[in-house]
Amino acid sequence: MKAQQNGPKQCACDPSVNVYIADDFNHAIRKFAPKAKRLTSVLGKGVVKIRRAHGVCVHEGYLYVTDSYPAVATDPGLVWRYGAAGTFEVWARSDLLAPDPVIDPFPFPGPGANGIAFEPPNHVYVANNEKSLILHIPVLPDGSAGEVEVVAGSWPPAGPPGLLFAPDGLSVDNEGNLYSVCPPAGLAPFPLSPVIKIDPGTGQVESVIGPYVGPSPLFDFPTSLAFGTGSRDRKSLFVVNPTS
């Protein structure tokens, strides 16, 4: 199985229906304005050192971006934030957000902080792909990041991750449950579900589809997912399924 190619990864919309795209290969964030039919780069003021933009989410005028492979090898994993002032800043940093240079479940280097989602009023969730973790970062009253904590999974691993193996994209439903996608079953020696549901309160992980011992009949290599954007429509789930 080939590794996923670099390039545009996950995207998110703001209230004005502008689309923000994590451009992994070009170390950038792209903004597409449908009304103007324009694609521009969101670079911010000063020097921005986002190495591998992977996941994006928008909340109250802020754009949150996961950096899957920090530019400095000794740096922990990062989440950047871009605001109305036109600047990018490191919003959260933690070893829990970083990939691991030793324990690698893939036949190619896997990303650390990957999918990201916001749940009102003050919860940011991040999926660490390589470490098979779902993480929670509280947004403090002053807008800064609280301590990064594990919602589901464990690091160092306490055993086989089971259904929570290499979570990629991340989304939240109407009731605050998290959903993620995992790679095909053929990549691991145990049954996998391509779409999983996580209870952030208990850390319980359950299968939405599957699990399958062999390749999934529905998905080849699911990488991201999102709920409908209609009024209170976080019930219809859409899954991105590029071929490998």
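## A tour of the loops

Pro156 sits in the loop between strand S12 (149-152) and strand S13 (170-172). Select it to begin. Keep in mind that this is a predicted model.

**Stop 1: Trp155 and Pro156.** Show the backbone here. The peptide bond joining Trp155 and Pro156 is cis. Its omega is about 0°.

**Stop 2: Ala166.** Stay in the loop between S12 and S13, which also holds Ala166. Check the backbone: phi is near 55°, a positive value in a residue that is not glycine. Is Ala166 buried or exposed? Ala166 counts as buried because its relative accessibility is 2%, below the 20% cut-off.

**Stop 3: Lys131.** Now select Lys131, in the loop between strand S10 (123-128) and strand S11 (133-138). Lys131 has 6% relative accessibility, so it counts as buried. Which residues does Lys131 touch, leaving aside those up to four places away in sequence? Display Asp95, Leu96, Ala98, Pro99, Asp100, Ser154 and Trp155. Trp155 links back to the opening stop: it is one of these contacts of Lys131, and a cis bond joins Trp155 to Pro156.

**Stop 4: Ser132.** Move to Ser132, in the loop between S10 and S11. Ser132 is not a glycine, yet its phi is positive, about 55°. With 8% relative accessibility, Ser132 counts as buried.

**Stop 5: Pro120 and Pro121.** Finish at Pro121, in the loop between strand S9 (113-119) and S10. The peptide bond from Pro120 to Pro121 is cis, with omega near 5°.

Notes: Residues numbered from 1 in each chain as written. Predicted model: local features only at pLDDT ≥ 70, side-chain atom pairs only at ≥ 80, totals over all residues. Heavy atoms only, no water. Helix = DSSP H or I, 4+ residues; strand = E, 2+ residues; numbered from the N terminus. Buried < 20%, exposed > 50% of the residue type's maximum accessible area, 1.4 Å probe, protein only. Contact = heavy atoms within 4.5 Å.
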